[in-house]
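Hi,

Here is the structure I promised to pass on to you. Have a look at it first, and then read my notes below.

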Amino acid sequence: MEKKRQWLILAMLGILCIVVPPFMGTYAVHVLILVMMWITMALGWDILGGKTGQISFGHAIFFGLGAYGGGLLFLHWNITPWWGMAAGPVLAIIVGIPIGLVCFRLRGPYFALAMLALNEIIAIVFTNLDTLTNGATGIDCARTWGAEKLPYYYIALVIAAFAIFVTYRIQNSKYGYYFVSIREDQDAAEALGIPTTRYKIYAMIPSAGITGLAGALYMNYISSIYPETVFALEAISIFMILAVLIGGAGSLWGPVLGGAIFAGLDEILRATIGPISFLVFAVIAVLIIMFMPDGIIGSWPKVRAYLRRRKLTTGSEG
Amino acid sequence: MAYLDINGVVRKFGGLTAVNGITLAIEKGAIFGLIGPNGSGKTTLFNCINNYYPPHSGDIVFKGKSLKGISSHEICKLGIGRTFQIVKPLRRMTVLDNVMSGAFLRKNSLNEARDKALESLDFCELTHRKDMLAKDLPIADKKRMEISRSLATEPELLLLDETAAGLNPREIDGAMKLIRKIQDTGITCLVVEHVMKFVMGISDRIMCINFGREIAKGKPEEIANHPEVIKAYLGEEYAKGQ
Amino acid sequence: MALFGQTFITGVLMGGIYAIIAIGMTLVMGVMKIINLAHGALMMVGMYICLVLFEHAGLHPYVALIPTMIALFIIGYLLQKYSIGRVSGVETIIPESQVLLTLALGLAITEVIRVIFTSNYQIIHPALTGEYWHLAGMTIEIPYLIGFVIATIFVALLHFFLARTDLGQSVIATSQDKDAAVYMGINAERITNFTFGLGTALAAAGGVILMPLFYLYPHVWHPYLMKAFVITILGGMGSTVGALSGGLILGLAESFGSTYWGPQWGEVIGFIIFLLILLFLPGGLKRIIGR
């Protein structure tokens, strides 16, 4: 019964996402595109970070490579950046596997730091290898649909749905169970016959690929990329973690909710309170980590129990 | 050739030789007890068997196959399961999910793994706990869950590290029953234990080690009265007084 | 030869200044076993306090050093006590919730400063700024030299403090084994708060030293935070000698990298050293020098 209701809500949400946007203003559709992009990124990060417990402070590497995959094709051979939708994720995965092979030897904070350093190295390399990447000038390409936003929205929606589907399939398979086992206790996982390093690589592949896909979307939608924006440590790598954290790591709907709230809130705050929007945002992040460390989805049972208790006490008083 | 053959295994940590040339053979279907005072090298020997700490010399042969250079997870695949002295539950997974993570070693689909896990939980009488988070279990059930999780990997040899430690007398009786039940299914057990009642009650043969060396080997009643064993546990003075 | 000497001296002087920033981080990482991503932002707060003291009270940065450090000690202590410390031991899905908290705090602090002082570049010209000392064809900027001396003094004082005083020994004990320290009657929580305050004060000192040399803006801390990581991993967590040698190595590597390979690659060298150490010498120089 519960399950049926969940599917119903899901189906209704899906239909809303398809039917409503044509009736919305350009700006609202723009925000929705960013929401879908951030949902995709949060899901991508969460496969490696939330489920497998390998906290990456450098996922902008894969976002940036996803963007540059199409960008480089366009720059050197004038191929439409839409091919980047395939080339970007593939490039991200090709780079992700050796990074994993080297860095998965490190545990906990050391892995996080290594990813952070790699993020910086790759950003500097892309800025300075002028002949290959066009350096800090970045890459510009024409937008297929000009100022029209709806087609981009539907592509973003399909990509986000694809990321949700992949995560759902992972969670309900041997891979999902093995990933979480590795997060919870690596030694116990080994003793259960789980080849932990190999499965971390298995987690890296969809994680890098999905993040790269979001990058490829960004390339096509924004139509100009610079190393400092797509490989940004703060605005991409770290915000990805915060987005997951707000929603709740390790679940399916946590990153979805987190990505949506993150991108939506970011835009709304910027539109309403302008210059102090980011401060408010950072304070919200601090409060969430302090008081809801497992995010909205993860802390929901606790919150619900607390509310129920309050209801009971006020009920008995009345 | 015995089922599990341990030949002169040595493992050092810096200047300390934790296991110093242990040799033992276990027959198929037996329960073999390994006892010894704290720090005598019992758990290290376990860690050598599943190559968590590779032995520095000596050889371990399981069903005629040397385990040298085989990684921990492959050893599990070969059919050697283990539990931990300090329990290692997958804390934020439910009990069922814990056991399913073990079951996936030999089952590939979700439903098969779930069935296998439920069967294993039923065997260990933990079905009523299946939806609890592993971290919320009381210690006795955590230990049971570890056994259940190991059984779900369908081992032929089970290494049990201090299953009875921290349990009350009633729980110890329950654990003994469970291990006999495991033996009845044809699984060979190597048991490291401190609780004498437990290890004397279930083992077919026992070896006592101290400072990484064998000091006695034999049937439970022989070990219980062995002067060296009494000396190791209760001290020289007590042994003299006997 | 003069180029070589110039490169060497620049590297050593800069390395000393890096060391004082990194030593605060290595201390906090040693005791708390977490990466403190707010370290750079707190250093920047120290720089802005120094700016205010210079502009409104006319204090030279080298004089403002002490009040700035005291202010940052208090800020660090309170942050750890009322925010970061509260998250310690809380079990979460993402294991590094304290790290993420320091990250969010760093962002929030940066934004507070940006709202108050705007993103504009600020520069002050206290006495000695822009004065040089010529020596055998090399030029040495005086504020670099003074900064290096101050940094070295602080590193030495800290080393003495940790080795010779009861409080310092408590800090060391807590960093080696928190539980054991508690059993020995050490109030580990208070020691942790104290260490965080001390680390923050040292970072602020590093920031103040930089004041006569560079522009100041809210995000000025990014590269220094990175360098502090590199040095901490290079030197080994909690090691003062490691932090000093790590700082010097990084300063020299960057200096030689910029001179002989190209300025844009100077930073890459630091990160490459960092990755190599992480992978092949976990534990850092501490493992080699043994303290």
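Which strands of chain B does helix H9 (residues 227-234) lie across? Helix H9 of chain B lies across S9 and S10 of chain B, and the helix runs at about 130° to S10(B). Please keep in mind that this is a predicted model.

**The sheet in chain B**

S9 and S10 belong to an open sheet of 6 strands in chain B, with mixed pairing and the order S6-S7-S8-S3-S9-S10. Strand S6 (80-82) and strand S10 (213-218) of chain B are at the edges; each has a single partner strand, so one side of each has no neighbour in the sheet. On average, neighbouring strands here are turned by 20° against each other, direction ignored.

Strand S3 (residues 31-35) of chain B runs parallel to strand S9 (residues 205-210) of chain B, and 4 bridges join the two.

**Chain B as a whole**

Chain B has 10 helices and 10 strands. Its radius of gyration is 18 Å, close to the 18 Å that the globule rule gives for 242 residues, so chain B is as compact as a globular protein of that length. Along the principal axes, the C-alpha atoms of chain B fill a box of roughly 60 × 40 × 35 Å. Of the 242 residues in chain B, 46% are buried. Taking contacts in chain B between residues at least 6 apart in sequence, 65% join residues at least 24 apart.

**A helix in chain A**

Helix H14 (residues 277-291) of chain A has 15 residues, which at 1.5 Å a residue should span 21 Å; this agrees with its end C-alpha atoms, which are 21 Å apart. Among the buried residues of H14(A) are A:Phe281, A:Ala285 and A:Ile289. Their cover comes from two chains: it includes helix H12 (233-247) and helix H13 (253-273) of chain A, along with helix H3 (61-87) and helix H4 (97-117) of chain C.

As for confidence, chain A has a mean pLDDT of 89, with 97% of its residues at 70 or more. Among the elements of chain A, helix H10 (residues 196-222) has the highest mean pLDDT (95) and helix H15 (residues 295-317) the lowest (74).

Best wishes

Notes
Residues numbered from 1 in each chain as written. Chains lettered and ligands numbered in written order. Predicted model: local features only at pLDDT ≥ 70, side-chain atom pairs only at ≥ 80, totals over all residues. Rg over C-alpha atoms; globule rule 2.2 N^0.38 Å. Buried ≥ 20, exposed ≤ 12 C-beta atoms within 10 Å, placed from the backbone. Contact = placed C-beta atoms within 7 Å. Expected span 1.5 Å × (residues − 1). Pairing = 2+ DSSP bridges. Axes fitted to C-alpha atoms, helices over the stretch in contact; angles between N-to-C directions. pLDDT = per-residue confidence, 0-100.
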